[in-house]
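Here's a quick tour for anyone meeting this structure for the opening time. Have a look at it below, and then we'll walk through a few of its features.

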Amino acid sequence: MRFETGVSPARSLPRLTVDGLHKRFLLHGQGGIEIDVMRDLSLTLDAGECLVLAGRSGIGKSTLLKMLHGDYRIDRGHIRLHFEDGELDLETLPAYAWHGLRRDVIGYVSQFLRVVPRVAAVDVVMEPLLARGADEHDARQRAEMLLARLNLPERLWRLPPGTFSGGEQQRVNIARGFIGEHPLLLLDEPTASLDAANRDVVIALIGEAKARGTAMLGIFHDEDVRQRVADRLLPLDGSLGRLPTGQNVQESL
Amino acid sequence: MKKPTLARPVLLDVQDITRLYGPAKGCEAIDFQLHAGEVLGIVGESGSGKSTLLRVLAGLEAPDAGRVIYRRSYNEPEVARTDFHEPEAARTGTGNNEVGGDPKENAESELDLYAIGEARRRALLRLEWGLVHQNPRDGLRMGVSAGANIGERLMAQGQRHYGRLRATGQDWMHQVELDPGRIDDAPRTFSGGMQQRLQIARTLVTRPRLVFMDEPTGGLDVSVQARLLDMLRTLVRQLGLSVVLVTHDLAVARLLAHRLMVMRGGRVVETGLTDQILDDPQHAYTQLLVSSVLTP
């Protein structure tokens, strides 16, 4: 694994700890079957570090990111964020507090852009800054800078991304995810549909985020990208994967 | 980095509300709190009781049991919510005294919606709250001009200066993407989408703290709906509105609401963060509802 040189003091502080996380889906419509998708997952993530989730394809690595982002409920286990002046436990965080947390602390680059009809690409990208009350002119400049860096043709900036190609939408999504400079960033295959030049831009963005002290948790299927961004790999074959409930986990390994 | 401040004061405290027209017709035993700056979506199919609940919350219909408590001053400076494109008169208006009653109650900052008298409740609805109806005809005066529609609530707050009222009207028409040149036209000459935007301008012009919306995009064509949704998102953000939104449309709920409450047969079956309700529904009915949505 490659490690960043010039370790800053901030790097040694954990930003996130996950302890004994479990996830089970109960499907009422399918005769009430229960499926265990995550068993006893634990991890520590430091500031300025990029931890890459490793494991078989289709094992459900996104499940962990979705639990950290509040898209999935936390059934059992602990997710804790660490700050200079205290800690925050996500499993007990009231629902009304999540949108503030997402605005200021936890950023997410999902695999697919959720398009708001009629909203121009540049407005999609700048929204996280506006949500914090940023000046509109400054936010627009930042958004345009990122879109330009990601080689999105300028003629597309004022158009809604609904009709864009997969790669173009992905770049809008990446710009939106990175613009807020959240201290914790979740990356779900941000380079999946990009060409080599744009992959390099994303890798550079990840490098700059590390230098700022951003803690990142990511899924990257591309071996080359993984090598270049990962400080550590977290093997997940033991704790992820669909199991009917009641089965002994050890037997399945 | 420092721990973020995530706590938000409670604006609306809904305690055990029941309003039944018959067995399982209406809403029953509803409890929730709306926090300042939150958009809460109430979703469910027709007959789930969501519209009845909204009418009770919005002060239009007394419940059989339960209380709706409005906590009005939550350490937000009064000026902060009235400095938006508004002439001086709105800021210095005497309207608030009309709602507040005696100063002692004001300091306690809690209003029990159905314990205060009819007159004070009406004043509250007119001055501090807003209601956007599904059908703009229910929220507009169809016979008077667009400008008069927007100015009416400001006049209720004590503004009388014609020139300022007109300027504010034009400002708001621009804000909701209506042609300010049509300020003297009656809403009946507007399309459905334009009427709905005018209703929103009419409601938001007084910068209400709390807004109730009943299927605000309900009767509109899909293309018009998309435009309105984006406008509502922007206004909610810019004005820092707290909103209770009733909709049967989960896609609308996803775009606008931070948090959802799922209703069925007059009762709440599940509540949670919008993404959790839609991506990880727990209750059998919510799972059915979410899985029944058509995706083009």
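Two residues are in contact if their C-beta atoms, placed from the backbone, lie within 7 Å. By that rule, 28 residues of chain A are in contact with 25 residues of chain B. Keep in mind that this is a predicted model, where local features need pLDDT of at least 70, side-chain atom pairs count only at pLDDT 80 or more, and totals for chains, interfaces and linings use all residues. Residues are numbered from 1 along each chain as its sequence is written, while chains are lettered from A and ligands numbered from 1 in the order in which they are written.

On chain B's side of that contact, these elements each supply at least two residues; helices (H or I, at least four residues) and strands (E, at least two) are DSSP runs, numbered from the N terminus.

| Element of chain B | Residues |
|---|---|
| α10 | 222-239 |
| β10 | 267-273 |
| α12 | 274-279 |
| α13 | 284-291 |

Chain B as a whole has 13 helices and 10 strands. Of its 296 residues, 44% are buried (20 or more other C-beta atoms within 10 Å of a residue's own).

Now for a helix pair inside chain B: α7 (residues 146-156) and α9 (residues 192-204) pack with their axes 7 Å apart, at an angle of about 30°. The axes are lines fitted to C-alpha atoms over the stretch in contact. α7(B) and α9(B) are therefore roughly parallel to each other (angles under 35 degrees). Helix α7(B) brings B:Ala146, B:Asn149, B:Ile150, B:Glu152 and B:Arg153 to the contact, and α9(B) brings B:Leu198, B:Ala201 and B:Arg202.

Definitions and conventions. Buried ≥ 20, exposed ≤ 12 C-beta atoms within 10 Å, placed from the backbone. Axes fitted to C-alpha atoms, helices over the stretch in contact; angles between N-to-C directions. Parallel < 35°, antiparallel > 145°, perpendicular 65-115°, else oblique.
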